[in-house]
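Please work through the following exercises with the model in view, and try each task before you read its solution.

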Amino acid sequence: MKQILPGFFSFRTLKPASSDVTDLQGDLTQSERAFFIARSRQLIGRWAEDLAADFLVSRGLVLLERNVRERFSELDLVCRSRNELVFVEVRCRRFNGIMSAEESVGRQKLLKLRRGAELYTLKARWQDSWRIDLVSIDVDASRWHLKWIKYLELEE
């Protein structure tokens, strides 16, 4: 059974609106292992965003912008899929057995993402549909595991 840290809810606060989840795994290169050991958050974050962006583009999304700062939040990746705008939160965690990258996104973060996305669509005068996706990347000593969850929403 997974342990839960004090102060964290034991129930899921996020769920995909549909069961559209994609998984991918790969090996870390020697240089990637080095900066994960060095614990450079900036480098790890940039690596994760690069991996997520490459993955999404390979799946047919068009990358429009990265690291867009809105009043309420930062939007890691802004993409387009046909006539739908896709805001992608990228989370990366080293494996610790307590909380995965996916589980690190809570209710407050999703609310901030939603507000940031709404502001972005207003500024861009976007009239079509939009959604929030999550790309979570968990890393252990030699491998990474990427999970793409489409249509992220709050559980009731």
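Predicted model: local features only at pLDDT ≥ 70, side-chain atom pairs only at ≥ 80, totals over all residues.

**Exercise 1.** Determine in which sense strands S5 and S6 pair, and over how many bridges.

*Solution.* Strands here are DSSP runs of E with at least two residues, numbered from the N terminus, and two strands pair if DSSP finds at least two bridges between them. Strand S5 covers residues 84-94, and its pairing with S6 is parallel, with 10 bridges.

Residues are numbered from 1 along each chain as its sequence is written, and side-chain values use heavy atoms, with hydrogens and water left out.

**Exercise 2.** Work out how S6 is connected to S7 and in which sense the two strands pair.

*Solution.* First follow the chain from S6 to S7, which are joined by a hairpin through 3 residues. Then look at the pairing, which is antiparallel over 6 bridges, with S7 spanning residues 143-149. As a check, find Leu-134, which stands opposite Ile-149 in S7.

**Exercise 3.** Explain why strand S6 is described as largely enclosed by the rest of the structure.

*Solution.* Begin with the term buried, which means under 20% relative accessible area with a 1.4 Å probe, counting protein chains only. Strand S6 runs over residues 130-139, and because 9 of its 10 residues are buried, the strand is largely enclosed by the rest of the structure. For the protein chain as a whole, 40% of the 156 residues count as buried.

Definitions and conventions
Buried < 20%, exposed > 50% of the residue type's maximum accessible area, 1.4 Å probe, protein only. Helix = DSSP H or I, 4+ residues; strand = E, 2+ residues; numbered from the N terminus.
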